Amino acid sequence: MRKRPYVLASAAISLDGRLDDTSGDRLLLSSEEDFARVDQVRAGADAILVGANTIRTDNPRLLTRSGPQPVKVTLSTGGGLDPAARFFTTGTAGKLVYVPTPAVAEATARLGPVATVVDAGDPLDLHRLLADLADRGIGRLMVEGGGSVHTLFLRENVVDELHLVVAPLFVGEEDSPRFLGTGPFPRGRLMLAEVRQLGDVVLLRYLLGQAARDHRRLREAVELAERCPPSATFRVGAVITDAEDRVLSTGYSGETDPKDHAEEIALAKLGPDPRLAGATIYSSLEPCSARASRPVTCTRHILDAGIPRVVFAWREPNLFVDAEGAEQLLAAGREVVEIPELAPLVRATNRHLPGVMGTG
Ligand SMILES: NC(=O)c1ccc[n+]([C@@H]2O[C@H](COP(=O)([O-])OP(=O)(O)OC[C@H]3O[C@@H](n4cnc5c(N)ncnc54)[C@H](OP(=O)(O)O)[C@@H]3O)[C@@H](O)[C@H]2O)c1
Ligand SMILES: [Zn+2]
């Protein structure tokens with residue numbers, strides 16, 4: 001599988017599943033509270049993508065009110081976009097336009113002064129587009145529509161997280177843009193990660209595929225940490241799964257000896273195992289990169305075991321040592337996934353440590 005960014009698709013819909021009405025003006029679906037939330041989600045993304053038609057009909061700026069400006073990305077069959085559109089003229093971040101190979105020359109002539117035009121294959125290959133974004137350092141991509149783009153991303157099964165905001169109104173027009181066309185879409189029930197009321201709209205946050213599995217398994221690791229005996233150091237839980245998401249081993253700090261770390265004990269229980277070559281280790285805390293208790297760090301144990309994927313919730317605060325487990329794993333070419341939304345639970349398990357409840 002090619003490397004791609006984490007993809008978060010975001011849309012606001014009417015009760016009859018429409019993104020807009022047929023009038024020339026943009027239909028306001030979100031609430032003030034939700035606009036503030038969207039602004040934060042944008043600020044947390046490395047790039048924002050919208051379809052060429054949304055640029056033509058809504059002329060959005062796609063800026064954040066505060067914080068770093070994400071790169072702006074669009075895709076088009078022909079590059080038929082106005083270089084004076086706000087997408088191109090506002091903000092200092094880069095602008096990328098992905099078009100099929102035969103359209104590159106014309107699109108570059110038109111948009112070259114305001115954007116980077118990128119060849120995305122013939123026909124446009126979404127996986128190639130995403131791999132190119134990853135190569136440009138985009139780790140997190142927010143997809144803001146419109147309907148054809150959401151349909152494309154879901155059909156290609158490259159959405160990790162879906163933010164659907166439901167507004168309390170009907171559009172009721174046959175020709176108004178729908179949230180989605182027809183599938184095939186990812187099969188089965190999505191994982192409902194959150195329901196939040198924001199003024200008079202409701203946010204439904206779903207996780208799909210690997211993102212849902214990661215969230216579930218990491219939560220198990222976080223809950224395992226509750227079994228740790230009272231300790232003067234971190235209370236941590238770890239779960240190791242194989243490539244098919246079957247649990248191979250679990251561990252928690254202090255499980256057999258006060259010096260045990262969670263990842264170390266989970267690996268020790270398993271011993272050398274060919275399934276580790278396709279495994280993921282979930283740890284509530286970033287694996288340690290320096291420790292006083294024993295000579296070998298958990299990061300070293302993970303590297304030696306050959307585990308290619310590490311998922312954790314809480315980046316180790318520098319309470320005892322300078323933590324750089326994630327950096328070392330990345331430098332060794334391992335995939336590292338941080339799920340900070342579970343970090344508050346880990347901090348709560350470690351509230352016995354000085355200063356923990358105050359750290360971000
Ligand atoms: N409520 C919301 O959250 C929300 C968010 C965004 C937009 N909207 C609304 O959605 C409507 C626009 O939606 P839409 O579905 O018409 O348009 P869209 O998804 O914004 O853009 C579609 C365009 O993207 C390009 N494209 C899509 N798939 C492609 C592919 N496989 N290869 C190459 N290019 C591709 C094409 O551009 P070319 O035509 O240049 O070839 C296509 O016409 C607007 O009314 C807007 O207000 C609502
Ligand atoms: Zn450790």
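Is Phe-87 buried or exposed, and what is its relative accessible area? Phe-87 is buried, with a relative accessible area of 0%. The views below come from a predicted model.

**View 1. An aromatic pair formed by Phe-87 and Phe-88.** The structure holds 2 aromatic pairs. Phe-87 has a relative accessible area of 0%, and Phe-88 has one of 4%. Both values are under 20%, so Phe-87 and Phe-88 count as buried.

**View 2. Lys-72 over the ring of Phe-87.** Phe-87 also has a charged neighbour: Lys-72 lies over the face of its ring, at 5.7 Å from the ring centre.

**View 3. An aromatic pair formed by Phe-234 and Trp-314.** This pair is edge-to-face, with the ring centres 6.0 Å apart and 80° between the planes. Phe-234 is found in the loop that runs between helix H7 (209-224) and strand E10 (237-241). Trp-314 belongs to strand E13 (residues 309-314). Phe-234 and Trp-314 are both buried.

**View 4. Polar contacts of ligand 1 with Leu-19, Ala-52 and Thr-54.** A backbone N or O atom of Leu-19 lies 3.2 Å from a nitrogen atom of the ligand. For Ala-52, a backbone N or O atom is 3.4 Å from an oxygen atom of ligand 1. Thr-54 makes its contact through the side chain, where a polar atom lies 2.5 Å from an oxygen atom of ligand 1. Taken alone, ligand 1 exposes 930 Å², and the protein buries 83% of that area.

**View 5. The shell of residues around ligand 1.** There are 25 residues around ligand 1, and those that come nearest are Thr-54, Arg-56, Ser-76, Thr-77 and Ser-148. By type, the shell divides into 10 nonpolar, 11 polar and 4 charged residues. Strand E1 (6-13), helix H2 (52-58) and helix H6 (147-155) each supply at least two residues of this shell. Helix H2 gives the most, with 6 residues.

Technical notes
Residues numbered from 1 in each chain as written. Chains lettered and ligands numbered in written order. Predicted model: local features only at pLDDT ≥ 70, side-chain atom pairs only at ≥ 80, totals over all residues. Heavy atoms only, no water. Phe/Tyr/Trp six-rings, centres within 6.5 Å; stacked < 30°, edge-to-face > 60°. Buried < 20%, exposed > 50% of the residue type's maximum accessible area, 1.4 Å probe, protein only. Helix = DSSP H or I, 4+ residues; strand = E, 2+ residues; numbered from the N terminus. Lys NZ or Arg CZ within 6 Å of the ring centre and 35° of its normal. Near = heavy atom within 4 Å. Polar contact = N/O pair within 3.5 Å; in protein donor to acceptor, adjacent residues only side chain to side chain. Areas by Shrake-Rupley, 256 points an atom, 1.4 Å probe, with all protein chains shown as cover. Nonpolar A, V, L, I, M, F, W, Y, C, P; charged D, E, K, R; others polar.
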